[in-house]
Amino acid sequence: MNSDRTLKKLLFSMSTLEELGEVLSSQQEFSDNIRMSLYSVMGSLPVAKGALFLYRPRSGSLVLEVGRGVVIPGDLRIPLTRAM
């Protein structure tokens with residue numbers, strides 16, 4: 001019985017990865033692709049909250065691109081510093 005559950009999880013994960021590949025290769029706007037990617041990944045994992053940040057090399061920071069199930073103040077930037 002446990003092997004049936006494991007097989008179902010693997011098939012679901014494979015299906016989700018296939019959908020994610022289709023989203024990423026589509027001609028939609030980048031922000032739409034990122035949002036749909038986050039939703040696809042969250043749908044395959046037991047999580048209710050998630051966020052994706054983009055790295056901005058000029059400012060050396062991470063900038064919130066999309067979030068789901070989280071309340072994040074507008075224009076959140078996380079400055080990154082190099083470890084010495």
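I began with S61, which I found in strand β2 (residues 61-68); helices (H or I, at least four residues) and strands (E, at least two) are DSSP runs, numbered from the N terminus. Before going on I noted that this is a predicted model, in which local features need pLDDT of at least 70 and side-chain atom pairs count only at pLDDT 80 or more, while totals for chains, interfaces and linings use all residues. I also noted that residues are numbered from 1 along each chain as its sequence is written, and that side-chain values use heavy atoms, with hydrogens and water left out.

Entry: Is S61 buried or exposed? I read a relative accessibility of 4%, so S61 counts as buried, where buried means under 20% relative accessible area, exposed over 50%, and partly exposed in between (1.4 Å probe, protein chains only). Its side chain makes a polar contact with the side chain of S59 at 2.7 Å; such a contact is a pair of N or O atoms within 3.5 Å, and within protein one must be able to donate a hydrogen and the other to accept it, with residues adjacent in sequence counting only if both atoms are side-chain atoms. Leaving aside residues up to four places away in sequence, I listed L54, Y55, R56, R77, I78, P79 and L80 as touching S61, contact meaning heavy atoms within 4.5 Å.

**Entry: the sheet.** I then traced the open sheet, whose three strands have the order β1-β2-β3 with antiparallel pairing; two strands pair if DSSP finds at least two bridges between them. β1 (50-56) and β3 (77-79) stand at the edges with a single partner strand each, so one side of each is left without a neighbour in the sheet. Neighbouring strands are turned by 30 degrees against each other on average, direction ignored; axes are lines fitted to C-alpha atoms, for helices over the stretch in contact, and angles run from 0 to 180 degrees between N-to-C directions.

Between β1 and β2 I found seven bridges, with A51 partnered by G67 and L54 opposite V63. These two strands form a hairpin with four residues between them, and G60 in the turn has a positive phi of about 65 degrees. Three bridges join β2 to β3, where S61 stands opposite P79 and L62 opposite I78. Helix α2 packs on the sheet, touching β1 and β2, and its direction makes about 65 degrees with that of β2.

**Entry: helix α2.** I checked the length of α2 (residues 30-44): at 1.5 Å a residue its 15 residues should span 21 Å, and the end C-alpha atoms are 21 Å apart, which agrees; the expected span is 1.5 Å times one less than the number of residues. Within α2, I noted N33, I34, S37, L38, S40 and M42 as buried.

Which residue forms a salt bridge with R35? It is D32, with the closest N and O atoms 3.0 Å apart, the term requiring a side-chain nitrogen of Lys or Arg within 4 Å of a carboxyl oxygen of Asp or Glu. The structure holds one salt bridge. R35 and D32 are three residues apart in helix α2, and are therefore separated by about one helical turn. R35 is partly exposed at 33% relative accessible area, and D32 is partly exposed at 27%.

**Entry: helix α1.** Last, I looked up L17 in helix α1 (residues 2-24), which counts as exposed at 55% relative accessibility.
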